[in-house]
Amino acid sequence: MSTPRLGVPWACRRLELLAILALCVPSFASAQAGTGILAGRIIDRQSQQPLVSAQIRIVGTQRGTQTDQTGTYRITGIPAGTISVIAQRIGYGQQPRTAVITSGATTTADFSLAISATQLDQVVVTATGETQRKRETGNSTATIDPTALPLAATTNFSDVLAARAPGVSVTTSGGTVGGGSRIRIRGSNSVSLSNDPLLIVDGIRIDNSANSTSIGVGGQQPSRFNDINPDEIENIEIIKGPAAAALYGTAAANGVIQITTKKGRAGKTRWELTSEVGGSRDINTYPANFLAFGKRTNGSFTSNCNIDLKARGTCTVDSVVTNSPLANSNPLRDGNRRLLGLSASGGGDAATYFLSGEYNQEQGVYDINHSRQFSLRTNVRAQLAKSLDAAVSVGYTSSDLRLPQNDNNILGALSSALLGLAYDCSPKNSYPSLCGTDTTSRGYISGQVPNEVYAINTRQQVQRFIGSVTSNYQPLPWLIFTATAGADVNGRFDNETVPPQQVFFGSLPEGNRTANRAVISNYTVNLNGTANYQATPTLKLSSSLGGQYTDNLFRRTDAFGAKLLAGTESLNGTNARFAVGEVNQDVKLLGAYGREQLAWRDKVFLTAAVRSDKNSAFGQNFKNIVYPAFSGSWVIGEEDFFPKSLSTVSLLRLRAAYGVSGQNPGFRASELFFNPVAVNVGGTDVPGFTVGGPGNSSLKPARSAETEGGFDLGLFKDRISVEYTAYDKRTTDDLVNVVLAPSLGAGNTRFQNLGQVRNYGQEVSVRANVVEARNVKFDFTANGSFTKNRLDDLGRDGQGNPIPQIFLGFSSTQVIRNFLPLGGYFVRPITSFSDANGDGVISRVNCKGQPVLVGGPACEITIGDTAEYAGTPFPTTELTFTPALTFFDKIRVTALLDHRGGQKLYNNTRAFRCSNGGFQNCLDAADASRTSLPDQAHLIAALMGTQAGYIEDASYTKLREVAVTLTAPRNVASRVGAGSASLTLAGRNLHTWTKYTGLDPEVNALAQGNFATADFLTQPNIRSFTARLNLTF
Amino acid sequence: MNHHSQNGRAHSRGKSLRRVLIGAGAFALAACSTDLLTVSDVDIVKPAALSGKSSLPSVLAASIGDFGVAYGGANNSEGQNEMSGLLADEFINSESFPTRIEVDQRNTNEINATTLGIFRAIETARATTDAGEISFATLDPTNASRAEVIALNAFTYVLLAENYCSGVPASTINADGSFTYGSPMTTAQLLTVAVAKFDSAITIATSTGAGTALNLSRIGKGRALVDQKNYAAAATAVAAVPSSFRYVINHDENSARQNNGVFSFAQNSRRFSIPDREGINGLPFRSVGLTDGRLAVRRNSSSGGNGFDNFTPLFVSAKFQNRSAPTPLAEGSEARLIEAEAALAANDDATFLAMLNAARAASPTYALAPALAPTGPAPIVAVPATTAAKVDLLFQERAINLFLTSHRLGDLRRLIRQYGRDAESVFPTGAYFKGGVYGPDVNFPIPFEEKNNPNFKGCLDRKA
């Protein structure tokens, strides 16, 4: 890294690129001369009902549109002549036809589509910015159409992704409004780098940061994924791995989530009004606190004669007391959700537009947990000339989120209650000797009830702009250029106010204010040129060349002050311990690629591609990396030789793909540096420095190579489709943040290209139209994914010694270790236990290394001497079942059943309550007569030094969603002046089947962390019901 | 006309195409350039900026700063001072974190994250002061601050020897970014290195007229020699140190990193409480401190007077009453105590008593209650009759005078190593007040992460 040459500011560099882009925009005159219009209607062949959001596109161009609520479409500015068009919609087979466009006239082309479970001719957007049919690609790409989902059952973008596509794992981290989800596609590639997928909106990379805040509240943190408004999305494509993502370049190794926002449709303005109301409720039964009161051997009172102490003969139990702070002073309330949105779309011959605005607010189950989000979108597409179009996409989001203290935070409502006292220190309490002067805590361990602690006001305000311009220029019928430039600029304001004399913990009574302002910017410029060449009547070649430039800037200024003047909520009111800081980071990428595709008889497709990247984060000793990709697709079922006797097989495609992608190291990872600090020397503060990072000038990207293969099968005239994919993804040169020997005194870690990680598995998706009667339809989608993750090698140091395992997670219960899944639980096992003396208590007395009790029972529990693998925190099996039942095309009932299996979860809530020396307030500890022997063993084993008993099977099946959509007949809708009307009633998180003994197997107190996973005093997911009304005019 | 128009469009189209191709070419050329990838990094300091003589004040500050964090702790990281006191009998745990409970319980696991943090910090201080000494020697060998940096460097070896198991490595990051891994040093070797460094600091301080560094080094050398059981030489080393001498690590409210660690963790975060006779053998710090101004112990007034766990009574010392309270590193009173120990070894009761009382007189005292003036202890009138009682008296005086200055753990180990006592008669033992029993630790293990050093396989021994 160095300062820019000749002092030219970085902005000028960006201008250079924009100038280059400007060269791409030709002068044009008589833009609309010699053009005509194509219009028509697309309907369901069987029901004869109009199809909404059906696509129609002109073959060989980037031109196309979608149908509106009445099933009609209109494409303007088409050069006169004969064109080929294709109509299609998810769930229907495509229908091609030709049309003759006459200058100055409107040509009508209606389509009648038949239901089809296969998606072979569905169009996807490629890395080059062009569209392609799925049959042309050799890899599996999942498509999610939010317009076909019951969005009423979702609250954010993560919910839209969850359980929709095989291989895409979305795990919420709790029931806090505004908390993010951990998103993984085909496992985790890297030991130390982010494993989050790349996020692209309308062709540009945008910030996808997990745990995106600078102020912690103990656990839950927002994710930038959820800045995306699902109502603005037309289509989501998920490119699952390097086999398909090679051309997306560095940062795409974890897969790509590609979002296309809604576009306008030519025709008269169509208004859509969306209104939603709903409620949510915490349905959990929280455990009370217990303590066994008793006497020590000397006769003195003890408030904690737990089963261990009793078994050791140190005390006898007089009584077991219980108290539930949450019942005494319940901070939980019913939440609610409201949403109001309005959009307009339409356009004429020259341009189409989509405008939308939406406001939604959500109140969580704590008073202080709420979010408000306002989003605006303007998408305009203009046909500037016969051969030139441009689309402008502008989105703006403003949000305000308030988060509660919780999880690993003594001030949290659940934390303070579940670790609290087994007696209520109210004025009427019976334990004055224990409560002392405390008459207000009601048993909360923080000493205050939550509603007082919740004076802490932790917020995040976001002002986010995502804008892009995409232009297609087709100077010759066989040549098309696509340019996209855009920016994602996110102004994030993390702030917290602790008012004085309200929260009595540490220095909080004096009050303080934190104000951290960040601007996170991502700039993207893409250029692509594609030439198509019909080499022979059966052979078509397609050649693409292109490049990409991205700049990811992070700028943050932090400020803090203490001793806050009551009544103020600004730094202006602070008077002591002022602290300021800055974070300035910048990672730039420059890439170029080429791609060649061969299409033979529209049945066999071979593609070869290569991309080369440079990146500012690479070490100075590394220049660039090359990512190759190959894929093949053969629609063998359309071959003449394919046996016609297999009448049940209506479609068969074989496909295979191989590709490489990478991940770049983080900013400054290659640099040796020191951090500036203040030091008091002789009574005066002077500038000093301390060790920053040791750097590694040889850093290069981690490299993930993936091979996948599979088939697409259509059965019974495409009423059933099966997609099967097997993949094997191997990451080499993984950037491991190697823990440094502390004796170096040179920082904690250093990135090195060392690791080898393997993810392999299978995915299957079955869609079936089971019943297609005129008035009743029943279809379902079933997805399954089976994922294995393994660290093949953590690598070796310069002298050839293996890099030692890396511990992580609460109580170091997880490990990064050769031949185990990344982040696998790794603890000493409980090898045996039994109630040998039949007293109903598992005792550790007289066990090896444990308390000796002469005359006491023989050892009743043994634990292993060395740690063993105890399971992965990530699901290895994910199955989803989404049935849909439709009556009279007016009533549609859908459900989402979601099973995740094979994962474990560290129930640190129970472990901490039962075994931590400071608490031991769970029933297991207090009363052996009401605790099973295995549960006693888990507790006693924890006291002996292993958490093995609390690493629990966290497999679950959830009834994630149920929704009923009622579509009003047109005459009913018209009574309120609407063209159409629908009402959706939806429920979310309706039931969970699990063996997990905690409250919810789908939580993580460590939010969206790479691997660290535990349930620790975390707010479980909440149940919600929503009603959503859609009206179009 | 039509023909002409078509030609015109074709011409226009060709022109546009050329522009596109030029654009694509320009982009390709740009891709070959590295200018577009140039980034600046303004938040940090690179080694080149610290290579001149003008950087030496910052080098001194870096040395003091890193040593201060490692020794006295900070707002967000414990130091040797707090954690060695927790392992010994100066503190008991009054919170819920398992990593610190197991230290208090003398049963520290080598993957304990808290002890990893304090080991990193002391090794960082060692490395920073090592590098600081090289900077001074290279850029300005006669600089008066050079001896101070060397003395602080030597103190890191003393702390590593007193608080850790035998077998501590000292590794180095080289100028080119490569690593030179150190081999494990025994406790005796660490002390030998420390004495040599103190000698070097004394020589340089004498020649440069750095009086403060000179006395700092003398006390440090005396402390290391006592650790080596060389009492007479230790007394000689500290003889010239005035009783009024005081070298402290200054803390400050200015930044969290500069806050006093004992205040931050004991009083503010309520993690550690001053006990009375922890685990049978502990000294009655709480009781003595209620009347002795050297300790000035009182029940914390906030949060019901309990620790973070809401049940352990929280007692704090006025010695560390706010974020800016300094942490003493070397004081004249310690010099007198070293002389007293030498007198004890020489059976010189008169000098023994005189030095103990000189130490009492020299020790700073603090107010027993906010409204009261600091109260010092009365002089000791008579020396106990038995040697064992004299040893007890000496170590109690050391414990009180040097309270929470990372001496106590080393002293308990010396009682075992040099005075023949059993570990279970000097360290807290028996039933642990939060459940379970005390473990066998008499020092900190070297963290598991040190196994990233190919020369390190584990502690050479865990003996006192």
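In this predicted model, helix α10 of chain B, spanning residues 261–268, is mostly covered, with eight of its eight residues buried. The list runs through B:Gly261, B:Val262, B:Phe263, B:Ser264, B:Phe265, B:Ala266, B:Gln267 and B:Asn268. As for what sits over those buried residues, the cover includes the helices α2 and α3 (80–87) along with the strands β5 (272–273) and β7 (315–317), which belong to chain B as well. Just past the end of α10(B), the backbone does something worth a glance: B:Arg270 takes a positive phi of about 60°.

Elsewhere in chain B, helix α7 (residues 187–208) packs against helix α8 (residues 211–227), with an angle of about 160° and axes 9 Å apart. Angles over 145 degrees count as roughly antiparallel, and α7(B) and α8(B) are therefore roughly antiparallel to each other. Their crossing is left-handed. On the α7(B) side, the contact is made by B:Leu191, B:Ala194, B:Val195, B:Phe198, B:Asp199, B:Ala201, B:Ile202, B:Ala205 and B:Thr206. Helix α8(B) answers with B:Ala213, B:Leu214, B:Ser217, B:Arg218, B:Gly220, B:Lys221, B:Ala224, B:Leu225 and B:Asp227. Sorted by class, the residues of this helix–helix contact come out as eleven nonpolar, three polar and four charged.

Turning to how the chains meet, 84 residues of chain B are in contact with 90 residues of chain A. On the chain B side, α1 (2–32), α2 (56–72), α4 (98–104) and α5 (113–139) each supply at least two residues. The biggest giver is α1(B), with 13 residues. The make-up of this side of chain B is 37 nonpolar, 28 polar and 19 charged residues.

Chain A brings in some strand pairing. Strand β38 (residues 749–772) and strand β39 (residues 776–793) of chain A pair in the antiparallel sense over 16 bridges, and a hairpin of three residues joins β38(A) to β39(A). One of the bridges puts A:Val757 together with its partner A:Leu791 in β39(A). Strand β39(A) also pairs with β46(A), residues 877–887, again in the antiparallel sense, this time over eleven bridges. In that pairing, A:Phe778 stands opposite A:Leu885 of β46(A).

Terms used:
Residues numbered from 1 in each chain as written. Chains lettered and ligands numbered in written order. Predicted model: local features only at pLDDT ≥ 70, side-chain atom pairs only at ≥ 80, totals over all residues. Axes fitted to C-alpha atoms, helices over the stretch in contact; angles between N-to-C directions. Helix = DSSP H or I, 4+ residues; strand = E, 2+ residues; numbered from the N terminus. Parallel < 35°, antiparallel > 145°, perpendicular 65-115°, else oblique. Left-handed = near helix turned anticlockwise from the far one by under 90°. Contact = placed C-beta atoms within 7 Å. Nonpolar A, V, L, I, M, F, W, Y, C, P; charged D, E, K, R; others polar. Pairing = 2+ DSSP bridges. Buried ≥ 20, exposed ≤ 12 C-beta atoms within 10 Å, placed from the backbone.
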